[in-house]
Amino acid sequence: MRWSNALIPTLKETPADAVAPSHVLLLRAGMIRQLGAGTYTYMPLGLRVLHKAIRIIREEMDAAGALEVLMPALQPVELWKESGRFEAYGDLLMKLTISGGHHMALGPTHEEVITDLVRDLVRSYKQLPITLYQIQTKFRDEPRPRFGIVRTREFVMKDAYSIDADLGQLNTSYDKMYEAYCRIFDRCGVPYVIVEAESGPIGGDSSHEFMVPCSTGEDTVIFCEKCGYAANQERAEVGQTEATSPTPDAHAPAHESVATPGKKTIREVCEFLGVAESTSAKLLVYLADGQPAAALLRGDHELNEAKFRRALGVSTVVPADAPTIEKATGAPMGFLGPVGIKIPMVIDRAIAAMPTVVVGGNAVDVHLKGVVPGRDFPLDRLHDLRNAEAGDPCPRCGSTLEVKSGLEIGHVFKLGTKYSKAMGARYLDEKGTETEIIMGCYGIGVNRIVAAAVEAAHDANGIIWPFSIAPYHVLVVPLQLQNAAVMERTSAIESALTAAGLDVLVDDRDQRPGFKFKDADLIGVPLRVVIGERGLKDGQIEIKWRHEESGLAVASDTAASAILAQVEAHRRKHDDWCADRRMGRSVPRAT
Ligand SMILES: [Zn+2]
């Protein structure tokens, strides 16, 4: 392909409203153009990237035994009412009325449509398991589209659904999809982590998110570089370096009351007493399934409500208001403490490692100093209750946890019988009994693969595409278009590389080298080949990888084979990278 025919509208200036690197660079590289809020046109280069990601997805889904279908984007809202999600989805569901007065929705996802399909189709256990997938445009009425193609009102999604007879089949289907997702993202060259997400109706290991740590992410990922542990904030555990069964110091002096007039927050109290917040503890009172319960944490730590809820074994926890707290504990808000408290209390493990703490005195304007955990209040209900922070020990290997924002590119989820129950999708099992089918759903945001690849690899000059999804593999830059030898060599190399299966772009524009190199860096083609008059005289041309600082000279008459050898070595390196990643990866075990 010649640049002059390729329609690559690169921009010199950074578009005003673009902040995320992927948004800025995809616009500047002429890969996407905005139509309206949350709607983008893929220009030829951008579409080539999207199509390459789609090809990889399709190959891996097919290899995993999933069958491709194409369902309508236009869905009757009755199906959404049947599943009970019409209300839950609310305004995010794009609704419209079509001729005949029918109320329809533009599908943001297809659980309802697939359940409707299989309740007609599946009669017997002999037909199961099946996994169906599609690659299709989805719609969500996002109130705030942002980050370019990351959060849009219209996007391309690969959604798959497994239809299984029992939990054993579901676990097998789930593991197959999980493995396929690993291969897909490995092949696409995006550095992802797999995060245990909130467990669904099946419980346990039933949902994983595939996240790319980057500045543009909308979620928080806590991960360990060393062992590959990763979780979202809700589930991330804090490793134990702190003492778990301490022996309280029997000779420590008794605690004393101190007057803290009007000092209610931890910060105020600690400043007033001249102690660090990490030497204090705070007692937080919640209503757990309607009953008062307390959590005790170090003053500078943050309560993780999901962990608190799990520790108590309840389904909801809501912060209690001041009157409720006073009524339940007899103590005023702001001066709560663990000594002599009458409501159930769970304690974060970090408290057990503190020799003494400053706590509220359960009376107005009173705090207690020199309180010994385990002596002055019991340490019988120790749990991991706090939010993991950067620098905390990894729960798996003890190394240091890192916190980054993460961009979700895929999600696998065991649905169980949620939809089959609501919509009456049943089959006859071996004994002839009507049984609800069990489902799993598996999504990939295809546009987000494109965005994530840019987020993960770019520099000040532009994009650095992974080889597998780059719009072109090689950019050939002839420097003197009027020089017959230069143009002859250009054509020869283009033909040889194309014949070897590479996608080649030739910058045939009559522009200064500096101008062409700038654009080359911006669009991020992995390998650049520069052919110039002077080099040819010395029998040389220059090749340079986009991700490397400097290029190297190769003999001009054997340049094509030198380039192919470079490409081969690069591919092998990528395969090794994938293999390394897989060694350190945890694969979910069938439960
Ligand atoms: Zn670790």
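Visitor: Let me start with a pair of strands: how many bridges join β29 to strand β30, and do they run parallel or antiparallel?

Guide: Strands of a sheet pair through backbone hydrogen bonds, either parallel or antiparallel. Here β29 and β30 (residues 540-545) run antiparallel and are joined by four bridges. Two strands count as paired if DSSP finds at least two bridges between them. Within this pair, Val530 stands opposite Glu542 of β30.

Visitor: What should I know about the model and its numbering before going on?

Guide: This is a predicted model, in which local features need pLDDT of at least 70 and side-chain atom pairs count only at pLDDT 80 or more, while totals for chains, interfaces and linings use all residues. Residues are numbered from 1 along each chain as its sequence is written. As for the elements, helices (H or I, at least four residues) and strands (E, at least two) are DSSP runs, numbered from the N terminus. The chain has 16 helices and 31 strands, and its C-alpha atoms fill a box of roughly 95 × 65 × 45 Å along the principal axes.

Visitor: Which strand pairs with β29 in the parallel sense?

Guide: That is β27 (residues 474-478), which pairs with β29 over five bridges. Val474 stands opposite Leu527 of β29 there.

Visitor: Why is β29 described as largely enclosed?

Guide: A residue is buried if 20 or more other C-beta atoms lie within 10 Å of its own, exposed if 12 or fewer, and partly exposed in between, with C-beta atoms placed from the backbone. In β29 (residues 527-531), five of the five residues are buried, so the rest of the structure largely encloses this strand. Both faces are covered, with Leu527, Val529 and Ile531 buried on one side and Arg528 and Val530 on the other. Over the chain of 591 residues, 42% count as buried.

Visitor: How do I read a whole sheet, and which strands stand at the edges of the one with β4 and β5?

Guide: Start with the strand order, which is β4-β6-β5 in this open sheet of three strands, with antiparallel pairing. The edges are β4 (74-76) and β5 (94-98), each with a single partner strand, so one side of each has no neighbour in the sheet. Neighbouring strands here are turned by 40 degrees against each other on average, direction ignored. Axes are lines fitted to C-alpha atoms, for helices over the stretch in contact, and angles run from 0 to 180 degrees between N-to-C directions. Three bridges join β4 to β6 (residues 102-106), and Pro76 has Met104 of β6 as its bridge partner.

Visitor: What is the strand order in the open sheet with β13 and β18?

Guide: The order is β13-β19-β18, again three strands with antiparallel pairing. Its edge strands, β13 (256-259) and β18 (357-360), each pair on one side only. From one strand to the next, the twist averages 30 degrees. Three bridges join β18 to β19 (residues 366-371), where Val371 is the bridge partner of Val357.

Visitor: Now helices: at what angle do α2 and α12 pack?

Guide: Helix α2 (residues 44-63) and helix α12 (residues 446-456) pack at about 115 degrees, with their axes 9 Å apart. Residues are in contact if their C-beta atoms, placed from the backbone, lie within 7 Å. Val49, Leu50, Ala53, Ile54 and Ile57 of α2 meet Val446, Asn447, Ile449 and Val450 of α12.

Visitor: Which backbone features deserve a second look?

Guide: Most residues other than glycine have a negative phi, and most peptide bonds are trans. In this chain, the peptide bond from Leu128 to Pro129 is cis, with omega near 0 degrees. Pro129 sits in the loop between α5 (111-121) and β7 (130-139). Phe147 is not a glycine, yet has a positive phi of about 60 degrees.

Visitor: Where is Phe147 found, and is Phe147 buried or exposed?

Guide: Phe147 lies in the loop between β7 and β8 (154-164). With 21 C-beta neighbours inside 10 Å, Phe147 counts as buried. Leu7 also has a positive phi, of about 55 degrees, but Leu7 counts as exposed, with 10 C-beta neighbours inside 10 Å. Leu7 belongs to the segment before α1 (21-28).

Definitions and conventions:
Two residues are in contact if their C-beta atoms, placed from the backbone, lie within 7 Å.
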